[in-house]
Amino acid sequence: MPKQLQELYHGVAWVRSHLSHYLESGQVQRDHPSPPVSLLASLSQRLGLSSFEAEIVLLGAAMELDPHCATLCAEIAGNPEHTYPTLALALALFPDAVWDVLSPQRPLLQWRLFRFDATAGLTQARLTLDPRILCYLLDVPAFDRTLSVWMHPLSLETIALPPSRQAIADQVIPVWRSGHYPLVQLCSTDQQSKAAIAATIAQALGLQIYQLPISNLSSDREALATLKQQWLREAILSQAILFIDADAQTRPDQGEAIANFVAGLSVPIILSNHSRQTLNGQTPLTFELRPLPYPEKRQLWHTYLGDRAADLNGHLDPLITQFSLNSHTIQAACAAVQDSPVPELRDRLWNYCRTQARPRLDHLAQRINCTATWDDLILPDRELKILRDIASHVQQRAKVYEKWGFASKSGRGLGITALFAGASGTGKTMAAEVLAQEFQLDLYRIDLSAVSSKYIGETEKNLRQIFDAAEAGSAVLLFDEADALFGKRTQVKDSHDRHANLEVSYLLQRMEAYQGLAILTTNLRDSLDQAFVRRLRFMLTFPFPKAEHRYAIWQRIFPPQTPTQALDYDELAQLEVAGGNIRAIALNAAFVAAEAHEPIHMKHLLKAVRVEYLKIGQPLTGIDLDAWLEPQRVEN
């Protein structure tokens, strides 16, 4: 039997001796000091027990470990069913008994060392030692089962942290090792990296770590106080870290619950937040996790790819620059492609990386399936050149930002932001699709109705979620009809104007910091705030298509497998409509022809044209429509 258990059983025997002596004489046994019990001494030191309180705990342990003690209690009480101790018995049994143990501020009640029968008075209630305390005395690994419904162990399986992340852990470890436990706040949307830092700290200090989701923190002050006291006891007994996962905060009262919970707790706590949180005057050690710098990402990719890095044949640098992934995701991506053939390695790795942000973005914005190519864009040469320049900036980011050192000068302004202005249907969204397709990136259209909110701070919160989620995959963000969201800042007349201007200022900051491509589309270019205009790298106006451009659009609008017959593209080009309207006409005509079981003729297009003009509210004049119905036409 281990020495510590031998000591405990000697203590149990000492309690039994006191019970026997009291039964025989009715007096306290004063000449028999308690034997040393190291685990009880440790418990007393951690929880601040007096010698009398330690004896009561030992009495509770004796009742669990020695059946004869229960018999002695019944004989002392003169009742065969009274096989349990009470505080009244403890006060009469031990020589150093004091009445202050009844105070709610004393450890016996404060730490809930015993379960009391609520039907009896405090001194006459049945004393039952809490199982967690008994396990501590028996040196048995345990966790308070009343806490298990609120929190769970956080996995300590870790991989080597990148230097910038390890530096955070290295700042916390010596402070906590000294016995001081300031609250640590980790701010980022990268949950994996925050958990990895917490696990690294726990391993370095030899501590366990438990995770408490924000949804389990009650706003009820009494319930919160109970949970707080229970955790404080468990943290002291098990030497554990609490990792509060507040990333999913959705209500203001949850922030208040966190502040109330951590207030005054001098035990190791790590708070995981998306952004810095004020905690009622407390000053936590706060660390904001920035995206991994390029050298660290490059080292991680080379480490996990190993010999396969050479198989990428120069395609690794664009991938490193494009995607802002953490070390866990990089490791997973490399493992996923280890068996890929060399010709497929680059594409498989790229596609794996681009999908990592989808789960976080798909419920925030609409992902567009991009199929348009450069051949589908019918624009004047000047506008096409600007689009090619945008593509060049995206493709050459690795060289300019990293190899040529522009990223080291400043982290701001590295994003590529473009404004697409023009009337509806002139090709703004198609151009965004072409760029996304060119870069093999996801394109997300931002739903302004879902982003904008009348409640103060909600618009910024929604936009922050979108930008944060898009960072990992460097998705192309398309703010459609951006004038509704990026309008001119107003003169401040009331609180609503002030908060509207704050929203615009926040957007300016995020656009400058976003390292992906953000495309803003608008029908009203002049309505944009000039502060936005100064920060736009590209501005492109999509003109209303001229006749020669409309001719080219009509030639390409029908898929190769679509049956057509005797279409007069010169006549069709006379229709003064934009590309979006041309597509609608072609699609409607296809349905008319399909219903008639015929190839698409000019007569089918005529029906579709009349419907489209009626929809847009324009008169169909200046065109010889009767010529469209001539039976004999020469197909162009």
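This is a predicted model: local features need pLDDT of at least 70, side-chain atom pairs count only at pLDDT 80 or more; totals for chains, interfaces and linings use all residues.
The open spaces come first. The largest pocket has a volume of about 1,600 Å³. Its lining is made of 49 residues, and those that lie nearest the centre are Thr 189, Leu 289, Pro 291, Asp 468 and Glu 471. Several helices take part: H9, H12, H13 (316-322), H16 (358-361), H18 (397-403), H22 (458-473) and H23 (495-513) each supply at least two residues of this lining. Of the contributors, H22 gives the most, with six residues. Sorted by class, the lining of the largest pocket holds 18 nonpolar, 18 polar and 13 charged residues.

Two or more residues come from each of helix H20 (428-439), helix H25 (547-557) and helix H27 (579-595). The largest share belongs to H27, which provides seven residues. The lining of the second largest pocket divides into 16 nonpolar, 13 polar and seven charged residues.

The largest cavity has a volume of about 40 Å³. Around it stand Arg 354, Ala 357, Arg 358, Leu 361, Leu 441, Asp 442, Tyr 444, Gly 473 and Ala 475. By class, five residues of this lining are nonpolar, one is polar and three are charged.

Attention now turns to a helix pair. Two packed helices are described by the angle between their axes and the distance between the axes. Helix H12 (residues 294-305) and helix H14 (residues 327-336) pack at about 35 degrees, and their axes are 9 Å apart. Their crossing is right-handed. On the H12 side, the contact involves Leu 300, Trp 301, Tyr 304 and Leu 305, which meet Ser 327, Ile 330, Gln 331, Ala 333 and Cys 334 of H14. This contact has seven nonpolar and two polar residues, and no charged ones.

Finally, is Ser 188 buried or exposed? This residue sits in the loop between strand S4 (184-187) and helix H9 (191-205). Ser 188 has a relative accessible area of 8%, so it counts as buried, since the cut-off for that word is under 20%. Leaving aside neighbours within four places in sequence, Ser 188 is in contact with Lys 194, Asp 247, Asn 273, His 274 and Leu 289. One of these partners, Leu 289, is also among the residues nearest the centre of the largest pocket.

Terms used:
Residues are numbered from 1 along each chain as its sequence is written. Side-chain values use heavy atoms; hydrogens and water are left out. Axes are lines fitted to C-alpha atoms, for helices over the stretch in contact, and angles run from 0 to 180 degrees between N-to-C directions. Helices (H or I, at least four residues) and strands (E, at least two) are DSSP runs, numbered from the N terminus. A crossing is left-handed if the near helix is turned anticlockwise from the far one by less than a right angle, and right-handed if clockwise. Contact means heavy atoms within 4.5 Å. Ala, Val, Leu, Ile, Met, Phe, Trp, Tyr, Cys and Pro count as nonpolar, Asp, Glu, Lys and Arg as charged, and the others, Gly among them, as polar. On a 1 Å grid over the protein atoms alone, a cavity is a set of points where a 1.4 Å probe fits but cannot get out, and a pocket is an open set with protein on both sides within 12 Å along at least five of seven lines; lining residues have an atom within 4 Å of a point. Grid points are joined across faces, edges and corners, and a volume is the space filled by probe spheres set on the points. Buried means under 20% relative accessible area, exposed over 50%, partly exposed in between (1.4 Å probe, protein chains only).
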